[in-house]
Amino acid sequence: MKLAEKDILGYRFCRMTLVETVELLAKWSEEEQERARYFCCVNPHSIEVSRKDPEFAEAIHASDLVTADGTGIIIASRILNAQIPERVCGPDIFPDLCTRLNTAKAGTRMFFLGSDDENLAVLERKFRQEFPHLECVGTYAPPFAKVFSDDQNAEIISRVNASGADILWVGLGAPKQEKWAFEHCRKLNVKVVGPVGGVFDFFSGRVKLPPQWVQKIGGISIYRLLQEPRRLWRRNLNGPIFLMRVLGQLFREGRYKPSADKSCD
């Protein structure tokens, strides 16, 4: 796995394309390991939240793969010369990996954790239609809780392990889903855990993704803000803070050298 040559604010991002990321995850879905591998799709908001949430920071650092989820990370990569080729986020990873496995590894078993029963029913129906050679071996919408109790965690783990799933998709929202994957990856019998946030809503059609041209220019955050301003306005304030800290890293590393002052003769 190729990693960025320089960390971005202490986090090591992979510098793979979406295609390379999907190939790696497909390979992981076939490999037996001592614990389930999990990836984190990290954006500027995640990094800023992790500053006040040590458990979230630990979960990201301990993950097997950190991808650049957001245009802000790509901008930071260019500023720091981290050589991250493109944005790789959950709404791209999920359909592309499923398409890859539907063709190359029929019978791959998947479990969906999160959301609500109504949304999961729509998601499962659409999943079976679009990926007929894959298996949806279970869905579960746990009761809402900021932190699951020991009994709730035991119930979730029991359901997932009993299903025989190869891949567990987790849609509990960040940072809850990443912390849950980190805490329980050694108890899960799956090969890959994918914390993918709002992907369940996107795939079911509950929330609309922006047109492709908006995605290509990095306008997803603005598009979603216009859709859900009351819920998302605060998180968008983290973008400027993140970029200021990236510039601070650039100065600390001594790679920004202002031009020498040339006084007039």
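Student: What should I know before starting?
Tutor: This is a predicted model, in which local features need pLDDT of at least 70 and side-chain atom pairs count only at pLDDT 80 or more, while totals for chains, interfaces and linings use all residues. Residues are numbered from 1 along each chain as its sequence is written, and side-chain values use heavy atoms, with hydrogens and water left out.

Student: Which residues of helix H8 are buried?
Tutor: In H8 (residues 176-184), the buried ones are Gln177, Glu178, Trp180, Ala181 and His184. They lie on the same side of H8, because they cover an arc of only 160° around the axis. The arc is that of the directions from the helix axis to the C-beta atoms. Buried means under 20% relative accessible area, exposed over 50%, and partly exposed in between (1.4 Å probe, protein chains only). Helices (H or I, at least four residues) and strands (E, at least two) are DSSP runs, numbered from the N terminus.

Student: And how many salt bridges are there?
Tutor: The count is 16, where a salt bridge is a side-chain nitrogen of Lys or Arg within 4 Å of a carboxyl oxygen of Asp or Glu.

Student: What does Glu23 pair with?
Tutor: Glu23 forms a salt bridge with Arg100 (2.6 Å, N to O). Glu23 lies in helix H1 and Arg100 in helix H5, so the pair ties together parts that are 77 residues apart in sequence.

Student: Is Arg35 buried or exposed?
Tutor: Arg35 is buried, at 18% relative accessibility. Its salt-bridge partner is Asp64, with the closest N and O atoms 3.0 Å apart.

Student: Which residues form a network?
Tutor: Salt bridges link Glu32, Arg109, Asp166 and Lys191 in a network.
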